[in-house]
Amino acid sequence: MSDHVSAQSVSLRNDTVGRQLNMEKLTTVIYPCITFIALLVIWEGSVTLFRVPDYIFPHIMPVLRVLYAGYVEGEMYPHLAYTLKSTLIGYSLGCTLAIIIGASLAESRTFEKFVFPLIIALQSTPKVAVAPLIMIWCGYGISSKIVMVATMCFFPLFVNTVTGIRQTDPAMVNMMRAFSAPGWLTFYRVKIFGAAGHIFAGLQISIVFALLGAVVGEFVGAASGLGWLIQSAMVSFNTPMMFAAILSLIVLGLVGTAIVRFIHRRVVFWERSSGTTAH
Amino acid sequence: MSSTGSFHPTGVSDVAAADSAVVGASLLPRSDPVLKVNALSVVYASSRGPIKAVADLTLSLHQGEFVSVLGPSGCGKSTLLGVLAGLQVATKGSAAVFDRPMMGRPHPNVGVVFQRPTLLPWLSVLDNILIPIEAMRRRKSDYLDRAHELLRLVALEKYASHYPAELSGGMQQRVGLARAMIHSPGLILMDEPFAALDAMTRERMSVELQEILRESGQSVLFITHSIPEAVFLSDRVLMMSASPGRIIKDVAIDLPRPRVTATMAQSEFAEICGALRKLYIQ
């Protein structure tokens with residue numbers, strides 16, 4: 001599991017200077033655009049060339065038409081709003097619990113002994129398999145989707161929080177001890193900040209997991225949402241609609257990740273300059 | 001504020017009295033040692049059986065003295081400091097700071113400077129200096145003047161609101177020194193504070209440290225593996241043997257103060273260093 005998305009690999013880019021930086025910036029924008037355009041050309045070309053029927057693989061135009069009807073004429077907004085709502089509430093819930101439980105577990109050996117085996121067992125459970133149970137317990141309304149999202153994004157962040165706090169520099173902890181600092185102060189002044197990089201990396205990973213949870217929840221039973229849209233379109237072989245909904249989910253994931261990354265850079269400001277620190 | 005401490009009669013071995021004299025202790029005339037280590041042994045458990053880090057070590061440090069403990073890497077110097085800082089517990093023997101036996105709890109009248117600056121990167125220089133105040137749950141606002149005064153002393157008055165990453169290694173270590181002095185401790189423990197710095201910065205820091213201490217008058221136990229550094233700074237140099245560490249020689253350094261960069265070029269200085277180096281090799 002790629003739990004440790006290192007935040008430093010991102011910040012390394014900031015150290016390059018001048019023209020090299022501009023060139024670097026330009027190519028990082030242009031090259032992926034070229035890949036993207038090539039992909040579109042291959043898509044449209046092969047669908048036309050091999051006369052693939054629309055219900056198997058649509059042309060670009062029908063997808064754009066659905067997107068237009070969805071977002072300009074507004075047919076898709078209720079679904080987008082539904083998925084967004086369950087994702088945001090579930091994400092906040094799951095992430096809050098992950099940080100609180102993760103921090104408590106990292107700090108208290110006793111608590112760890114009590115709950116660690118349980119958490120390992122839960123972590124090994126394929127969360128999707130539990131979705132039908134959650135439907136029975138929480139109903140077919142939005143609450144089951146929220147629980148599903150929270151369950152999905154809990155573990156990546158939980159693991160990162162525990163790792164982040166456990167990796168606190170022992171020299172820092174010793175320093176605090178030598179000045180008679182009580183444990184809570186060391187936690188508040190040193191450990192939480194030291195773990196911030198890991199926690200933000202976890203928050204970033206959890207965005208994708210949250211969307212996954214929302215879609216699975218809607219697959220199992222819902223009357224609205226992007227996931228539900230995909231499933232109901234499947235019944236009528238409406239592939240352009242499926243493409244449009246999937247694209248919407250991709251955009252949601254990208255925007256969410258970008259927001260978390262932005263906040264990460266703002267909050268964990270000391271990691272950006274860590275490259276220049278003389279040790 | 002350092003003059004407000006109550007008079008502390010010499011010879012009091014009571015823990016509470018030693019604690020209450022925290023603030024003024026550095027100014028008091030006292031004949032009994034600030035630091036007394038008697039037949040101290042520290043043994044670590046390891047998978048290959050017990051390892052003796054420090055064996056039967058005895059030393060004392062008096063008011064206002066600068067004493068260096070000089071020894072090769074791995075001779076137990078840092079273990080000794082760990083016991084005196086209250087981070088480690090002695091296996092045998094005793095260590096007492098201001099007459100309070102050290103039992104794995106830090107003494108409030110002690111400041112520690114570590115090998116690495118160990119500044120918190122998310123706090124400004126000023127907030128870093130105030131960490132010990134926060135740790136002792138005193139009011140930070142009462143110590144702001146003192147913090148700025150210390151920043152002036154370590155020549156960083158312009159950097160109060162900077163973050164550690166914006167400072168050079170030498171500057172960071174000076175912040176570490178200011179932090180160790182914020183609560184006006186009677187004793188400062190320094191664990192190879194300049195070891196991570198380049199040779200030029202290191203020499204300059206030695207001169208500056210001497211200047212700073214001339215103004216503050218604190219007692220210092222300084223741990224190092226550099227002979228010139230020990231000779232330049234100290235009133236006494238204690239040579240330690242390789243593991244298990246014990247004191248093999250107590251050398252008084254009579255070079256006149258203030259010592260300056262030129263002192264290091266004097267023949268007396270070289271002679272003392274040479275004599276110590278001979279001991280080192282044995």
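Two strands pair if DSSP finds at least two bridges between them. Helices (H or I, at least four residues) and strands (E, at least two) are DSSP runs, numbered from the N terminus. This is a predicted model, in which local features need pLDDT of at least 70, side-chain atom pairs count only at pLDDT 80 or more, and totals for chains, interfaces and linings use all residues. Residues are numbered from 1 along each chain as its sequence is written, while chains are lettered from A and ligands numbered from 1 in the order in which they are written.

**View 1. The open sheet of chain B has six strands.** Their order is β6-β7-β8-β3-β9-β10, and the pairing is mixed. The edges are β6 (110–113) and β10 (247–252) of chain B, and each pairs on one side only. From one strand to the next, the twist averages 15°. Angles run from 0 to 180 degrees between N-to-C directions, and axes are lines fitted to C-alpha atoms, for helices over the stretch in contact.

**View 2. Strands β6(B) and β7(B) run parallel, over four bridges.** Strand β7 of chain B spans residues 187–191. B:Val113 stands opposite B:Met190 in β7(B). Helix α6 (residues 169–181) of chain B packs on the sheet and touches β6 and β7 of chain B. The direction of α6 makes about 170° with that of β6(B). Contact here means that the C-beta atoms of two residues, placed from the backbone, lie within 7 Å.

**View 3. Strands β1(B) and β2(B) form a hairpin.** Strand β1 covers residues 35–44 of chain B, and strand β2 covers residues 51–61. They pair in the antiparallel sense over seven bridges. B:Val42 has B:Val54 in β2(B) as its bridge partner. Six residues lie between the two strands. In the turn, B:Gly49 has a positive phi of about 95°. B:Asp56 is also found in strand β2 of chain B. Its phi is near 50°, a positive value in a residue other than glycine. Most residues other than glycine have a negative phi, and most peptide bonds are trans.

**View 4. Strand β4(B) pairs with β1(B) and with β5(B).** Five bridges join β1(B) to β4 (residues 92–97) of chain B, and the two run antiparallel. B:Asn38 has B:Ser94 in β4(B) as its bridge partner. Two bridges join β4(B) to strand β5 (residues 100–101) of chain B, again antiparallel. Here B:Val97 is partnered by B:Arg100 in β5(B). β4(B) and β5(B) form a hairpin with two residues between them. B:Phe98, in that turn, has a positive phi of about 45°.

**View 5. A cis peptide bond joins B:Arg257 to B:Pro258.** Its omega is near -5°. B:Pro258 lies in the loop between β10 and α9 (267–281) of chain B.

**View 6. Helices α10(A) and α12(A) pack with their axes 10 Å apart.** Helix α10 holds residues 196–220 of chain A, and helix α12 holds residues 239–267. The angle is about 165°. The two are therefore roughly antiparallel (angles under 35 degrees count as roughly parallel, over 145 as roughly antiparallel, 65 to 115 as roughly perpendicular and the rest as oblique). Residues of α10(A) in the contact include A:Phe200, A:Leu203 and A:Ile207. Those of α12(A) include A:Leu249, A:Gly256 and A:Val260. By class, the contact has 11 nonpolar, five polar and one charged residues. Ala, Val, Leu, Ile, Met, Phe, Trp, Tyr, Cys and Pro count as nonpolar, Asp, Glu, Lys and Arg as charged, and the others, Gly among them, as polar.

**View 7. Helices α4(A) and α11(A) cross at roughly 125°.** Helix α4 spans residues 77–107 of chain A, and helix α11 spans residues 226–235. Their axes come within 7 Å. The two helices are therefore oblique to each other. A:His79, A:Leu80 and A:Thr83 in α4(A) meet A:Leu226, A:Gly227 and A:Leu229 in α11(A). This contact has three nonpolar, three polar and no charged residues.

**View 8. Chain B meets chain A.** The contact takes 22 residues from chain B and 21 residues from chain A. On the chain B side, the largest share, four residues, comes from helix α4 (residues 131–135) of chain B. By class, that side has 16 nonpolar, four polar and two charged residues.
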